[in-house]
Amino acid sequence: MLFNSIPFLILFIITYVVYWNVEIQNKKRILVLSSIIFYAYFSLLVAFHFFLIIVINFYFSEKLHEKKEKRESTNTLIKLIVILNLVNLSVFKYFYFFSDIFFRISHNVFFKEVSSSVNIILPLAISFYTFQLLALQIDIHRGRLIKKISFQEYFLFILFFPQLIAGPIMRTEDFLPQLNSPKITKDSMKEGLFLILGGLFKKVVLADNISPIINPLFANPEKFDSLSLLVGCFGFISQVYCDFSGYTDIARGLAKLLGFQIPENFRGPFLSSSFREFWTRWHITLSTWLRDYLYIPLGGSRMGSFRSSFNMLVTMTLGGLWHGANLTYLLWGFFSGLMLWLERILEKFGIPAEPKSKLASVFKTGVVYFAFAISGIFFRTGISQENSLELCLSYFKSLFQLTYSLNSVRLEEIILYIGTTFLLNYFQSRNILQKINTQVKEILLIFISFIMLLLLGLFGDGGGDFIYFQF
């Protein structure tokens, strides 16, 4: 069920009206029911699998709490829990990927035959809910989540429908304290509506209209000139920013209308003047998850400069693989980690990660933006799944042939979209919405709502899938 669809609009309106007219305990039940309907709309069979995973994890959470109360070691149990959740993720998401790797290494047709004879449906949101479950279990193991929570609250934490499909990846402290006292005010309602309208603008008006311009470039890169392919890189990262940031804005807006504050996931990442800063502004909840539950357990920065950089490279590479069962996603993560490592090396030679002068900062921002755009080639070809590595190599080869033609792609149109994306990054980084006068906000909300209705009529075609829905 897409946010930008009529079935979701109907579900949310009914949920909202009933939710604010019942007692607190019934509010939870309404959210659970709506979340079940939201997820089961995709597939009843997949929904049953998801609910079973939650039940199993709840059982293990109770066991962790019991061991903590008895002051017994939870090391063995937490390893078992992590393995079980990662096996579940791997079977559904990486089965074909590993089968293909084993076939290429061994040349044994058995792996090819097994891969072609098995049809596995990828459960919606499996990457996101797996990381959220793991965070919850590890927090209990580490003693960060001391208080037991009811099954209903546990279920709702994992299944909360505004953020279920593509995050943000929540922690227990982000959500559980709010469950018994959801709050809505006139201001938070307006903020929620602004976020929803802004998210729809990013998704329907920008992302969905950048997509058909750049799709031919990534489908057949050898047919296009270098300038078009370079602009296509900038176009894609604008598309994925508008698509994913738009989803997050809508999710946060819906949560606000239900009385919850959920984490921000983007803070104007294209204006970052270092790669380190970039990853504190882009997909923030994934970056912090990888830091807290992978980078630090690997040793973090406690074991010397080289080991610290190596840990970071491993973390980013695995973060790339989290996005999809594809070598190009792995390369995307590796490239991102390599840029962070290079930045650390340059620091040793007196080139700071955060430039001090304004001119140097602007230059470095351009370098970070350009490098991220180039890395988008790995990411975008990964979405293609079939022949992704060949497509990736073809794109790079055609890009560096340095050919030029005025008629290859709709340059003026895509540059307008890219410029608009930068403007949105500026608004987001400066938190412009919070600085607007209350009375002006009310007038602006009416005006923007009217404009968005017109834009949705002009640009909306029923709405496409969000890119991160497949992760």
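Student: Where is His-323 found, and why is His-323 called buried?

Tutor: His-323 sits in helix H14, residues 305-323. A helix here is a DSSP run of H or I with at least four residues, numbered from the N terminus. Buried means under 20% relative accessible area, exposed over 50%, and partly exposed in between (1.4 Å probe, protein chains only). His-323 has 2% relative accessibility, so it counts as buried.

Student: What kind of model is this?

Tutor: The model is predicted: local features need pLDDT of at least 70, side-chain atom pairs count only at pLDDT 80 or more, and totals for chains, interfaces and linings use all residues. Residues are numbered from 1 along each chain as its sequence is written, and side-chain values use heavy atoms, leaving out hydrogens and water.

Student: Why is Arg-71 called exposed?

Tutor: The relative accessible area of Arg-71 is 79%. The cut-off is over 50%, so Arg-71 is exposed. Arg-71 lies in the loop between helix H3 (44-69) and helix H4 (75-93).

Student: What is the phi of Arg-71?

Tutor: Arg-71 has a positive phi of about 60°, although it is not a glycine. Most residues other than glycine have a negative phi.

Student: Is Ala-125 buried or exposed?

Tutor: Ala-125 is at 1% relative accessibility, so it counts as buried. Ala-125 is in the loop between H6 and H7. Its phi is also positive, near 70°.

Student: Why is H7 called largely enclosed?

Tutor: Of the 17 residues of H7, 16 are buried, so the rest of the structure largely encloses this helix. Gly-143 follows H7, with a positive phi near 85°.

Key: Helices (H or I, at least four residues) and strands (E, at least two) are DSSP runs, numbered from the N terminus.
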